[in-house]
Amino acid sequence: MTERTYGNWRRPTSPGIGQLGLAGTILLLGGLVVAVLAMMFSLVAGLIVLLLLGLTLAPLLFKDRHGRTLLQRLIARMAWRRGRSAGQHIYRSGPLGTTAHGTFRLPGLAAASTVYSAEDSYGRPFGLIEVPSTGHYTAVFECGADGAALVDTDQVDTWVAYWGSWLASLAHEPALVAASVSVETAPDPGTRLAREVEGQLKASAPTLAQEVLREVVNTYPAGSALVNARVSVTYSAAPRPGAKRRDHAEMAREIGTRLPGLSSHLGMTGAGEARPMTAQQLAEMVRVAYDPTVQVLIEQSQATGGSGLTWADAGPVAAQESWGHYVHDSAASITWGMSEAPRGEVLSSVLTGLLAPHRDIARKRVTLHYRPHDPATAAQLVERDRRDARFRVGGAKPNARDTVAVAAAEQSAREEAKGAGLTRFAMLVTATVNSLEELPTAAAAVDVLAPPARVQLRRMYGSQAAAFAAALPIGIVLPDHLRVPQAIRDAS
């Protein structure tokens with residue numbers, strides 16, 4: 001039996017001459033018209049206009065291997081220097097910090113976030129994360145995924161089909177703006193195993209049996225890993241431009257009615273039992289991400305009735321962002337972003353190596369972000385993408401990539417016409433280690449893991465703190481936090 005393959009991921013393009021795009025092409029044509037008019041009065045003036053036009057368009061023509069233009073790199077470098085000069089790369093909280101009332105609020109994009117406690121229509125408590133700057137509310141599921149080990153290929157294909165159906169259904173969710181899947185691997189401290197064994201151990205049991213169980217508790221966690229899978233869904237309080245923004249009570253009621261359906265459908269995707277995370281669980285998750293050394297303390301506290309950690313105390317005591325890495329409390333991290341999806345066709349196991357634990361990385365988090373288009377927008381986008389792809393092969397000698405792009409665009413349009421969804425996606429990979437000296441080894445490990453996964457990763461230079469927060473399943477939708485004008489993004 002032939003194993004099923006997957007593919008046909010496409011990056012949106014805009015019509016234009018060469019690599020200029022639509023905005024760059026308009027600028028080129030407008031500049032040429034101005035140059036011709038200037039030459040009618042003075043040849044020198046026309047040449048000066050052409051020189052200025054060339055200097056303006058040059059940053060749009062030179063791209064690195066990740067597809068980033070010189071203009072994008074210059075903007076990133078200028079933004080970094082501006083933020084560094086203002087001291088925005090340094091964060092201090094607590095009694096000696098700058099946060100209000102001596103709390104340990106989250107830094108950066110999540111600084112103003114708040115968590116509310118609510119119940120879904122099944123009576124299950126869940127935490128609702130609010131990001132006021134964007135008006136987004138996020139609920140998070142904790143999943144008990146078993147993985148694909150010793151699972152038949154037909155079952156894996158069925159899971160993938162249901163996952164595609166779940167993503168397509170998100171386009172019909174009112175006010176939903178984004179979803180994410182985060183798979184985190186970390187060393188198993190063994191406290192959960194010890195708690196389970198001690199709870200089941202009888203004093204009247206044979207001495208040999210008790211000694212064997214205690215030896216298992218002491219030896220089993222060594223070298224083993226803890227894998228956590230979490231799925232988040234993010235809704236907008238103002239689903240339409242100009243609409244009145246709803247408060248957290250309204251959003252809690254609305255989202256609470258949808259969580260049971262979403263969690264039941266997730267169970268058919270291989271995610272296992274998906275339960276909404278409570279406000280305390282969300283705070284503990286974020287606290288451990290910023291300071292991994294507290295994981296054992298939190299689990300020990302849970303064994304005695306709960307840690308009592310709140311969202312206001314979930315952030316780090318200190319954090320400092322550098323150009324290529326991020327130091328937070330007792331750990332240091334590097335975050336990469338996917339610059340190119342796998343080319344061609346891949347198998348369902350393509351990300352297995354990237355998701356698996358690695359001995360050179362203390363904690364690794366791989367997060368996939370999804371932003372579904374509604375059906376009306378999807379139809380317009382696939383048709384526009386098909387026209388743009390055809391425009392690029394209109395020359396006398398189209399290259400092979402443009403020819404393949406036309407076939408892919410045609411296939412996407414046909415599938416959308418048959419009812420398939422259209423979803424934008426991105427990937428963030430965060431590697432966390434216990435000291436700065438271990439960062440080069442972790443970076444080398446990620447460089448080795450990326451090629452078998454068929455993805456091209458780019459280190460998020462100049463935005464490590466924002467990328468670290470976005471890799472957490474807390475509803476940080478990065479495109480909604482950008483301040484770069486849309487025209488510049490289109491030109492780039």
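Visitor: Which residues lie nearest the centre of the second largest pocket?
Guide: In this predicted model, local features need pLDDT of at least 70 and side-chain atom pairs count only at pLDDT 80 or more, while totals for chains, interfaces and linings use all residues. Residues are numbered from 1 along each chain as its sequence is written, and side-chain values use heavy atoms, with hydrogens and water left out. A pocket is an open set of points on a 1 Å grid over the protein atoms alone, where a 1.4 Å probe fits and protein lies on both sides within 12 Å along at least five of seven lines, and its lining residues have an atom within 4 Å of a point. The second largest pocket is lined by 21 residues, and those nearest its centre are Ala186, Pro187, Ile361, Ala362 and Arg363.

Visitor: Which element gives the most to the lining of the second largest pocket?
Guide: Helices (DSSP runs of H or I, at least four residues) and strands (E, at least two) are numbered from the N terminus. Strand E5 (176-187), helix H9 (295-303) and strand E11 each supply at least two residues of that lining. With three residues, the element that gives the most is E5.

Visitor: Why do the rings of Trp163 and Tyr370 count as a pair, and of which kind?
Guide: Rings of Phe, Tyr and Trp (its six-membered ring) pair if their centres lie within 6.5 Å, with planes under 30 degrees apart counted as stacked, over 60 as edge-to-face and the rest as tilted. A search of the whole structure finds seven such pairs. Trp163 and Tyr370 have ring centres 6.0 Å apart and planes at 70 degrees, so their pair is edge-to-face.

Visitor: How many residues apart are Trp163 and Tyr370?
Guide: Trp163 belongs to helix H4 (residues 153-170), whereas Tyr370 belongs to strand E11 (residues 363-372).

Visitor: How many of the 12 residues of H8 are buried?
Guide: Buried means under 20% relative accessible area, exposed over 50%, and partly exposed in between (1.4 Å probe, protein chains only). Among the buried residues of H8 are Leu282, Glu284, Arg287 and Tyr290. The helix is largely enclosed by the rest of the structure, because the number of buried residues is 10.

Visitor: Is Ala420 buried or partly exposed, and what is its relative accessible area?
Guide: Ala420 is found in the loop between helix H12 (400-417) and strand E12 (423-433). Its C-alpha atom is separated by 9.0 Å from that of Pro375, 45 residues apart along the chain. Ala420 is partly exposed, with a relative accessible area of 36%.
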